[in-house]
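Here is a short report for a reader new to this structure. Please look over the sequence and the 3D view before reading on.

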Amino acid sequence: MRRVIRDRVVVIERVKTRDVIAFGTCGTPGPPLRLLFYAICLPLTKAKDVTEGVSRLSLSLMLTLLSRLSLSHRPSHLPSLSRSFSSSLPRNMKVLPVPVRDDNYAYLLIDDASNTAAAVDPYDVPKVRAAADNAGVQIVAAITTHHHHDHSGGNQAKDFPDAPIYGGSNKIPALTNQVKDKDEFTIGNIHVRCLATPCHTQDSICYYVTSSSGAAHPGGVFTGDTLFVAGCGRFFEGTGAEMHAALSYLATLPPATVVYDGHEYTKGNLAFARHVDPENPAIARLARLIEDGTLPGTRTTIGDEKEWNPFMRLDSAPILKATGGGEPSAVMDALRTLKNNFRG
């Protein structure tokens, strides 16, 4: 890696993309892939002074990038921002997305200290294994968010016969370790806490992950088909009351917690969010992040979802108006029906 400080621009050139926050990417791909990352430091004192092309998000990413590189050139006058997007967790804990099927995500939850990983919803085992081999890690466990085949379909592969398979019910193929709400286990130095979120399926479990070493980090949560970017899963085995309880549970996680969801539905969810909450500035921000290519390559946070996800804003005036109001469970049911019928 080469670092060059030129006036107010920090230029970082890396050959390996692992561990990199994808901000302001440019350059020419080739063997080996070469990327330049630019962190632009402007003399700003307030977030509202940010000019076009340098958003609040960009500043937050820039500060994160500078801090991770241990540079002493971080300008003292830049505003302190409480939230940022992240495509990886800290140094000793990382998450590598592995797109599978048409729109699913599998993930590798990597403990760098031991070079081991858990495969989350590894539907396409050859693809997940290739990603693990490329990252130089050994898969030692499988974590399943719910029993649907597009998430649990890789569990019966013979590639990892000694790996425990965690999940919420015996409907999950090849299950070895059934978990329930508030159960805990570890993957190397990574602490995993199970959050029961029944609705999409009754065995839906979200997994909140942090480093057990105590290092500072945002933490992450694997949400399967419970929480998506600006959306939530269908209520195949549950009710509006259960989905409201599930999303309210996830909302108690720290705002900076990175969301690792099970499908790429962002554009469709954005269209519906605009339809029911058209004046929400956070939704406009989400649209800009999609338009400028920040999403879906990076991940959103619990704090982001509480700002722009209509299913986490049931008590807001626009959502009450769109659904006809009532108790949260009734609002959730009505909102889900609107989404199911939306063709925008």
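## A cis bond in a loop

P296 sits in the loop between α6 (281-291) and α7 (302-308). Helices (H or I, at least four residues) and strands (E, at least two) are DSSP runs, numbered from the N terminus. L295 and P296 are joined by a cis peptide bond, with omega about 10°.

This is a predicted model, in which local features need pLDDT of at least 70 and side-chain atom pairs count only at pLDDT 80 or more, while totals for chains, interfaces and linings use all residues. Residues are numbered from 1 along each chain as its sequence is written, and side-chain values use heavy atoms, with hydrogens and water left out.

## The open sheet

Five strands form an open sheet: the order is β11-β12-β13-β14-β17, and the pairing is mixed. Two strands pair if DSSP finds at least two bridges between them. The edge strands, β11 (184-187) and β17 (258-261), each pair on one side only. On average, neighbouring strands are turned by 25° against each other, direction ignored.

β13 pairs with β14 (residues 220-224) in the antiparallel sense, over 3 bridges. Y208 has V221 of β14 as its bridge partner. Helix α4 packs on the sheet and touches β12 (190-196), β13 and β14. The direction of α4 makes about 155° with that of β12. Axes are lines fitted to C-alpha atoms, for helices over the stretch in contact, and angles run from 0 to 180 degrees between N-to-C directions.

## Nonpolar cores

A nonpolar core is a set of buried Ala, Val, Leu, Ile, Met, Phe, Trp, Tyr and Cys residues joined through side-chain atoms within 4.5 Å. Buried means under 20% relative accessible area, exposed over 50%, partly exposed in between (1.4 Å probe, protein chains only). The largest core has 26 residues; V221, M243, L247 and L250 touch the most other members. Elements giving two or more residues to this core are β13 (205-211), α4 (240-250), α5 (266-276) and α9 (328-341). The largest share, 5 residues, comes from α4.

Beyond its neighbours within four places in sequence, M243 is in contact (heavy atoms within 4.5 Å) with residues including C199, C232 and M332.

## Cysteines and positive phi

The count is 0 disulfides, a disulfide being a pair of cysteine sulfur atoms within 2.5 Å. For C232, the nearest cysteine sulfur is that of C199, 7.3 Å away. C232 is buried, at 6% relative accessible area.

R101, in the loop between β5 (94-100) and β6 (104-111), has a positive phi near 50°. R101 is partly exposed at 48%.
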